[in-house]
Amino acid sequence: MIRFENVSISFGSFRALDHVSLEISSGEFVGLIGPNGSGKSTLIRLINGLLLPSEGKVIVDGLDTAKDDLFEIRKRAAALFQNPDNQIVAATVEDEVAFGPENLMLHPEEIRRRVEDALNFVDMLHFKDRLTANLSGGQKQRVAFASVIAMESPVYLFDEPTSLIDLQGRKKIIEIIGKLHKKEKTILLVSHFLEEIFLAPRVIVLHEGSVVFDGSPRTLLYRDDVLKLLDFPLPVHLETARHFGLVPEILDLKNVAQALRRKLQ
């Protein structure tokens with residue numbers, strides 16, 4: 001579905017990505033993490049053609065981002081960024097979610113269906129007639145999620161979608177991403193929150209433009225060398241898992257607590 005072939009990109013003398021090669025299969029949920037300046041956002045923007053590689057190839061669903069129709073590529077890979085205020089363009093929630101499908105020149109009935117389905121998916125259907133300017137930050141981000149979901153793309157790129165909202169809003173957004181994963185969508189999630197990244201079955205760690213880890217979160221939890229590069233504090237439940245040598249299938253609070261209970265019995 002997504003393939004990087006020896007991809008590098010530079011901005012002046014700064015090398016944002018350095019000979020990166022990786023593949024993400026259809027239906028995968030991948031967490032992407034790294035320190036500031038490691039190349040995470042650059043990698044996301046290369047996938048939907050907002051940036052083009054200086055060297056190498058980026059292939060999305062068989063299409064080369066440097067050669068093929070970017071409109072077709074962006075129909076396949078919908079992107080959501082961290083600040084909803086920079087992404088919302090319409091006055092009302094309904095018009096905002098309809099904006100993308102309208103640009104696909106869909107029939108009005110199909111647009112209405114997509115708008116209602118997407119708003120229902122993010123539990124915002126009852127806000128359909130609200131002014132976007134009157135929404136909270138978390139509500140705006142859920143509307144932004146509905147806007148990309150309404151595109152019904154096979155690939156979703158989320159670049160730190162929870163970084164500017166409160167804890168309750170973050171939980172809701174992660175629930176939405178989990179629901180998308182169950183619909184077998186391909187998801188790439190960038191986050192600085194380890195508890196979010198560790199919910200993905202596969203984690204890629206970038207450092208200074210290179211991939212330094214690509215594997216399961218359970219393996220990453222015990223890779224001190226990579227965690228040292230990240231220099232992010234481990235949440236208490238992940239510290240607990242490390243301390244007791246726990247390796248539950250999903251490293252969320254509930255599963256770690258259950259694994260600890262079994263170990264202490």
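The model is predicted, so local features need pLDDT of at least 70 and side-chain atom pairs count only at pLDDT 80 or more, while totals for chains, interfaces and linings use all residues. Residues are numbered from 1 along each chain as its sequence is written, and side-chain values use heavy atoms, with hydrogens and water left out. Helices (H or I, at least four residues) and strands (E, at least two) are DSSP runs, numbered from the N terminus.

**Pockets**

- A pocket here is an open set of points on a 1 Å grid over the protein atoms alone, where a 1.4 Å probe fits, with protein on both sides within 12 Å along at least five of seven lines; lining residues have an atom within 4 Å of a point.
- Grid points are joined across faces, edges and corners, and a volume is the space filled by probe spheres set on the points.
- The largest pocket has a volume of about 760 Å³. Its lining counts 28 residues, and the closest to the pocket centre are I174, E195, L199, I250 and D252.
- Two or more lining residues of the largest pocket come from each of α6 (167–182), α7 (194–197) and α8 (217–220), and α6 gives the largest share, 10 residues.
- Sorted by class, the lining of the largest pocket has 14 nonpolar, four polar and 10 charged residues. For this sorting, Ala, Val, Leu, Ile, Met, Phe, Trp, Tyr, Cys and Pro count as nonpolar, Asp, Glu, Lys and Arg as charged, and the others, Gly among them, as polar.
- The second largest pocket has a volume of about 630 Å³. It is lined by 24 residues, with A79, F99, G100, V148 and M151 nearest its centre.
- For the second largest pocket, α2 (70–76), β6 (77–80), α3 (93–103) and α5 are the elements that give two or more residues to the lining. Its classes are 15 nonpolar, six polar and three charged residues.

**Aromatic rings**

- The structure holds two aromatic pairs. Rings of Phe, Tyr and Trp (its six-membered ring) pair if their centres lie within 6.5 Å, and planes under 30 degrees apart count as stacked.
- F145 and F158 are stacked, at 4.7 Å centre to centre with 25° between the planes. This pair links distant parts of the chain, with F145 in helix α5 (residues 137–149) and F158 in strand β7 (residues 155–159), 13 residues apart.
- Y156 and F158 are also stacked, with 6.1 Å between centres and 10° between the planes.

**Charges over rings**

- The charged end of R170 sits over the ring of F193, 3.6 Å from its centre. The test asks for NZ of Lys or CZ of Arg within 6 Å of the ring centre and within 35 degrees of the ring normal.
- K179 lies over the face of F121, 4.3 Å from the ring centre.

**Sheet**

- An open sheet of four strands runs in the order β2-β1-β4-β5, with antiparallel pairing. Two strands pair if DSSP finds at least two bridges between them.
- β2 (14–24) and β5 (63–64) stand at the edges with a single partner strand each, so one side of each lacks a neighbour in the sheet.
- Strand β1 (residues 2–11) joins strand β4 (residues 55–60) over five bridges, and S8 stands opposite E55 in β4.
- Seven bridges join β1 to β2, where F14 is the bridge partner of F11.
- The hairpin of β1 and β2 has two residues between the strands, and G12 takes a positive phi near 65° there.

Definitions and conventions
Rings of Phe, Tyr and Trp (its six-membered ring) pair if their centres lie within 6.5 Å; planes under 30 degrees apart count as stacked, over 60 as edge-to-face and the rest as tilted.
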